[in-house]
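Please open the model in your viewer, with the sequence panel alongside, and follow the stops below in order.

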Amino acid sequence: MNGDEQNVDSGQPEQHRSALPARVCSAKHAATPVAKAKEFGPLGLKQLALWPPVVLAPMAGVTNLPFRRLCRTYGAGLYVCEMITARAYLQGHARTLLLSSSAPDEYPRSVQVYGSNPVEVGAMVGSLVDQGVDHIDLNLGCPVPKVTRNGGGAAIPHRPRLLANLIRSMVRAAGDVPVTVKLRTGIDDERLSYLAAGRVAQEEGCAAVGLHARTAAQLYSGTADWNAIGELKQAVKIPVLGNGDIWECWDALEMMRQTGCDGVIVGRGCLGRPWLFAELASVFDGREPAHPPKMGEVANVLRAHAQALVEFLGPAMGLLQVRKWVDWYTKGFAGSARLRGNLGALHSLDDLDRALQALDASEPFPVPALRSSRAKGSRTQKVALPAGWLERDDDQAPCSSDLQAAEDSLSIQAG
Ligand SMILES: Cc1cc2nc3c(=O)[nH]c(=O)nc-3n(C[C@H](O)[C@H](O)[C@H](O)COP(=O)(O)O)c2cc1C
């Protein structure tokens, strides 16, 4: 346990303390109160009323059906499918179709669309709606250099007419199904676009706007700028979903209290910690959350998740993904370094069973691991844009073959 993070008591009045178990959280949240009755309301996305107002962030290679299902067993809210590239989807790319797939027990069903061509994203949305999808999100924050260099992803909000055209095409095809967008704050600190882009989203009929409060240049480094979420909330009337650095359930309450946003999007905090959604449900309902699981229970969750991945993706792809999940679930536990060192030798679920048996099932959850990032690192980048991108505003897709190739490769990476 380090100096910042500890088992602390729950900050409840003295007379109740003895009855309550110690709260397991970082020191900064020792006294963060649970939600009061009616402090927050359900997140309304057209006909959907989501309680708690919590959204699982779309994450490529992560939020496939097995992980969404697992998260849903703990909590409630909205669980978004990883980004699905419009062109690959329309061309019937087998793996893209698998990754966009769902099951009858999944409600509401939510898919994130990625594309820069209004005709393609409209056609994809029409097809998703025909299949019964309940919510559609548009990815406007992809910071991958080969995409932004050709005018896609996080470059799009800087072309307001193209942005409007994309959203209009999706909203029209979606009919009654709510469409949202997920933005970053801009290209870099000098080129911020989130307020203007939020207003375009509102004018074109989006049901809400999500903001990952970092620039594309920041990637995942530093801290998210929650003030930007508060400013966006002031600038638009549609619901605002705040995103960035929700590691503990308490951060979600803090973000909503600080910014006034209507819901939160949770990304890296739930990697290897799907029970975070149970903790979120508890604190939004005004209850102290249960303690995080011990190693033995973590191993059981990981084992079930691994089995589901192998069944969904097939043994080869499934086991490749399992390796990264072993790393994420066991982060901070004693013995996890040895386990990580042997991941290359993990060729079957039996290998996984043997590796997990070697761990100490009674070890409590390591508190420092509550706030440690399990993916993406702390790199920054200089964002490349096409020449003259910020000077012109055109409502048509940037139709270079380089962008097509870059976007196609996103759907391949997404697995
Ligand atoms: C592994 C990984 C994959 C991601 N893939 C996507 C994606 O497909 N679409 C998207 O909009 N954002 C994607 N993101 C960004 C997250 O949705 C989220 O905006 C970001 O992680 C910030 O939230 P956090 O601080 O809670 O992690 C991804 C993030 C990670 C860590």
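Predicted model: local features only at pLDDT ≥ 70, side-chain atom pairs only at ≥ 80, totals over all residues.

Begin by selecting strand β9, residues 179-184, which is mostly covered, since six of its six residues are buried; a residue counts as buried if 20 or more other C-beta atoms lie within 10 Å of its own, as exposed if 12 or fewer do, and as partly exposed in between, with C-beta atoms placed from the backbone. Both faces of β9 are covered, with Val179, Val181 and Leu183 buried on one side and Thr180, Lys182 and Arg184 buried on the other.

Residues are numbered from 1 along each chain as its sequence is written.

Which strands close into the barrel, and in what order? Eight of them do so with parallel pairing, in the order β5-β6-β7-β8-β9-β12-β13-β14, where two strands pair if DSSP finds at least two bridges between them. On average, neighbouring strands of this sheet are turned by 25 degrees against each other, direction ignored.

Next, select helix α5, residues 118-130, which lies across β7 (110-114) and β8 and runs at about 165 degrees to β7; axes are lines fitted to C-alpha atoms, for helices over the stretch in contact, and angles run from 0 to 180 degrees between N-to-C directions.

For a helix pair, display α2 (residues 65-74) with α12 (residues 295-313), whose axes come within 9 Å and cross at roughly 145 degrees. Leu65, Pro66 and Leu70 in α2 meet His305, Ala308, Leu309 and Phe312 in α12, contact requiring that the C-beta atoms, placed from the backbone, lie within 7 Å. By class, this contact has six nonpolar residues, one polar and no charged ones; Ala, Val, Leu, Ile, Met, Phe, Trp, Tyr, Cys and Pro count as nonpolar, Asp, Glu, Lys and Arg as charged, and the others, Gly among them, as polar.

Turn to the ligand, which 23 residues surround, the closest being Ala57, Met59, Met83, Gly267 and Arg268; a residue is near a molecule if its C-beta atom, placed from the backbone, lies within 6 Å of it. This shell divides into nine nonpolar, nine polar and five charged residues.

Finish with some backbone details in the loops. The peptide bond from Trp51 to Pro52 is cis, with omega near -5 degrees, and Pro52 sits in the loop between β4 (48-50) and β5 (54-56). Tyr107 and Pro108 are also joined by a cis peptide bond, with omega about -10 degrees. Lys38, in the loop between β2 (23-26) and β3 (43-45), has a positive phi of about 65 degrees although it is not a glycine, and Lys38 counts as exposed because it has 7 C-beta neighbours inside 10 Å.

Technical notes. Helix = DSSP H or I, 4+ residues; strand = E, 2+ residues; numbered from the N terminus. Contact = placed C-beta atoms within 7 Å.
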